[in-house]
Amino acid sequence: MSDPARVRRYAERIKELVASALRKQVKDPRLGMVTITDVRLTNDLHDATLFYTVLGDPTEQAATTAALTSANGLLRSIVGKRLGLRFAPTLTFVIDEVPEQADHIEQLLAAARAADAEVQRQAVDAQYAGDAQPYKVDEGDDEDETDETDGDVEDDERQEAATGGPDRDLSHARPGGPA
């Protein structure tokens, strides 16, 4: 097992080396505007998967894929010499589909924003289906409130008589013990 930080450092170094070699040493006319987006390296440092994007239409992408495949040996030897490892990792090039997925997500978000705007536009003139006050309110509720407060006073007087005074609370006293 290798240290994950070490693997990450080697992956970044492979990314830099391959990008530099594609810019300076690979002279294939089929090679288009290539960007190495990510490198995934196995823990044993033997296999590297390089993700790349290409500007252009699908025919240019296919030509770039062919150019990368033909330059694979040269790139592997450059990476092996510069990294100083016992084994040069095998390089596998994979087209990165993240930009296409990001465009698709942006289109879905735009459709959701349009639907939300339509709902907001319809809600501007909307009214509630029922009354403004959906609960029934009795007019005689004010009299009930005064009766309840009178009952509370009577309950307080009963409690004072049972406990021996208004400030004395016996809820925590032990039964049969001194109060």
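This is a predicted model: local features need pLDDT of at least 70, side-chain atom pairs count only at pLDDT 80 or more; totals for chains, interfaces and linings use all residues.
Residues are numbered from 1 along each chain as its sequence is written, and side-chain values use heavy atoms, with hydrogens and water left out. The protein comes to five helices and three strands, where helices (H or I, at least four residues) and strands (E, at least two) are DSSP runs numbered from the N terminus. Going from the N terminus on, the order of elements is α-β-β-α-α-β-α-α.

**Overall numbers**

- The protein has 179 residues, and 21% of them count as buried; buried means under 20% relative accessible area, exposed over 50%, and partly exposed in between, with a 1.4 Å probe and protein chains only.
- Take the contacts (heavy atoms within 4.5 Å) between residues at least 6 apart in sequence: 61% of them join residues at least 24 apart.

**The sheet**

- Three strands make up an open sheet in the order S1-S2-S3, with mixed pairing; two strands pair if DSSP finds at least two bridges between them.
- Strand S1 (34–41) and strand S3 (90–95) are the edge strands, each pairing on one side only.
- From one strand to the next, the twist averages 30°, with axes taken as lines fitted to C-alpha atoms (for helices over the stretch in contact) and angles running from 0 to 180 degrees between N-to-C directions.
- S1 pairs with strand S2 (residues 47–54) in the antiparallel sense, over seven bridges.
- In that pairing, Val34 sits opposite Val54 in S2.

**Helix H1**

- As background, an α-helix has 3.6 residues a turn, so residues three or four places apart point the same way.

**Helix H3**

- The 12 residues of H3 should span 16 Å at 1.5 Å a residue, which agrees with the 16 Å between its end C-alpha atoms.
- Leu75, Ile78, Val79, Gly80 and Leu83 are the buried residues of H3, and they pack against H1 and S3.
- Just after H3 comes Gly84, with a positive phi of about 70°.

**The loop between H1 and S1**

- Asp28 lies in the loop between H1 and S1 and counts as buried at 19% relative accessibility.
- Not counting residues up to four places away in sequence, Asp28 touches Ala67 and Ser70.
- The Asp28 side chain makes a polar contact with the side chain of Ser70 at 3.5 Å; a polar contact is a pair of N or O atoms within 3.5 Å where, within protein, one must be able to donate a hydrogen and the other to accept it, and residues adjacent in sequence count only if both atoms are side-chain atoms.
- Arg30, also in the loop between H1 and S1, is partly exposed, with a relative accessible area of 38%.
- The side chain of Arg30 has a polar contact of 2.8 Å with that of Asp28 and one of 3.2 Å with that of Ser70.
- Leaving aside neighbours within four places in sequence, Arg30 is in contact with Ala63, Thr64, Ala66, Ala67 and Ser70.
- Arg30 and Thr65 are 35 residues apart along the chain, with 8.7 Å between their C-alpha atoms.
- Leu31, in the loop between H1 and S1, counts as buried at 17% relative accessibility.
- Residues up to four places away in sequence aside, Leu31 touches Leu22, Val26, Thr64, Ala67 and Leu68.

Terms used:
The expected span of a helix is 1.5 Å times one less than its number of residues.
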